[in-house]
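Dear colleague,

I am handing over the structure below, together with notes on what was found in it. Please read the notes with the coordinates open beside you.

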Amino acid sequence: MKNVQTALPSSIHIGERAQQLDMIQHVQEFSSMIVLVTGESATGKSTFLSSVISHLSVHHQVIVLDGINVLTEEDIIQHVSQQLGCEGSIAGIEGSLAAISGQDESLHIIVDDAHLLDRSALELLLGKALQEKSWHLVVCGDEELQVRLDEFQSRMQLENIYHLIRLNPLGNIESAQFLNELLSQSGHSPELSLIHIS
């Protein structure tokens, strides 16, 4: 059972990003920890997130949200219930989650630009992710998002609720690999797409 909604770029696996992608898959598969993806502006967070979505959606049900369009708790409930095809309420969502769990499947919610969410929306996502038979959660956003997760963790008197993936700017070699793979995906032959950096 899959429900994928994304308009993100094609996934590209290079260098450290490939290792970080493997780590996210491991955390989402074998733990209930929230995954936080962050980094400076223009480090390719949304492109990286598309790789996460592509890989997780092979074996899991995935719902993709964007903080630009989904800001409030009511927005979260509306979008998630629509994607699950259930009544537009927390009770309706919980019923669907129980059914998914009963089928030995899992729901993964991926949120880009999560730093834009208001407090109630972010806390709904975080709180549900920490409950049994609920959703797995990946949130991606600017570095202030980590501060908000730390504040939530402290206020709820919890420890280690999230795994941090911090994306660094691509180096010269990784930038060349990125451009080569991007050109290759657009239909250019490897010979034409080869880029050298001296």
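Lys128 forms a salt bridge with Glu94, and the closest N and O atoms of the pair are 2.9 Å apart; a salt bridge here is a side-chain nitrogen of Lys or Arg within 4 Å of a carboxyl oxygen of Asp or Glu. Lys128 lies in helix H5 (residues 119–129) and Glu94 in helix H4 (residues 90–102), so the pair ties together parts that are 34 residues apart in sequence. Helices (H or I, at least four residues) and strands (E, at least two) are DSSP runs, numbered from the N terminus. Lys128 is buried, with a relative accessible area of 7%, whereas Glu94, at 38%, counts as partly exposed. In these terms, buried means under 20% relative accessible area, exposed over 50%, and partly exposed in between, with a 1.4 Å probe and protein chains only.

Before going further, please note that this is a predicted model, in which local features need pLDDT of at least 70 and side-chain atom pairs count only at pLDDT 80 or more, while totals for chains, interfaces and linings use all residues. Residues are numbered from 1 along each chain as its sequence is written, and side-chain values use heavy atoms, with hydrogens and water left out.

Salt bridges

Side chains of opposite charge can pair when their charged atoms come close. By the rule given above, the count comes to five salt bridges. Arg119, Glu123 and Arg155 are linked in a network of salt bridges. For the salt bridge between Arg155 and Glu123, the closest N and O atoms are 2.0 Å apart. Arg155 lies in helix H6 (residues 144–155) and Glu123 in helix H5, so this pair ties together parts that are 32 residues apart in sequence. As for accessibility, Arg119 is exposed, with a relative accessible area of 52%, while Glu123 is partly exposed at 25% and Arg155 is partly exposed at 38%.

Helix H4

Helix H4 has 13 residues and reaches 18 Å from its first C-alpha to its last, close to the 18 Å expected at 1.5 Å a residue, where the expected span is 1.5 Å times one less than the number of residues. In H4, the residues Gly92, Ile93, Ser96, Leu97 and Ile100 are buried. They cover an arc of only 135° around the axis, which puts them on the same side of H4; the arc is that of the directions from the helix axis to the C-beta atoms. What covers these buried residues includes E2, H3, strand E3 (107–112) and H5, with contact meaning heavy atoms within 4.5 Å. The face of H4 turned away from its buried side carries the exposed residues Ala91 and Gly102. Just after H4, Asp104 takes a positive phi of about 60°.

Ile109 is found in strand E3 and is buried, with a relative accessible area of 0%. Leaving aside neighbours within four places in sequence, Ile109 is in contact with Ile63, Leu65, Val80, Leu125, Trp135, His136, Leu137 and Val138. The C-alpha atoms of Ile109 and Trp135, which are 26 residues apart along the chain, are separated by 6.6 Å. Lys45, found in helix H2 (residues 45–56), also counts as buried, at 11% relative accessibility. Not counting residues up to four places away in sequence, Lys45 touches residues that include Glu40, Cys140, Asp142 and Leu167.

The chain as a whole

Of its 198 residues, 43% count as buried. Among contacts between residues at least 6 apart in sequence, 75% join residues at least 24 apart.

With kind regards
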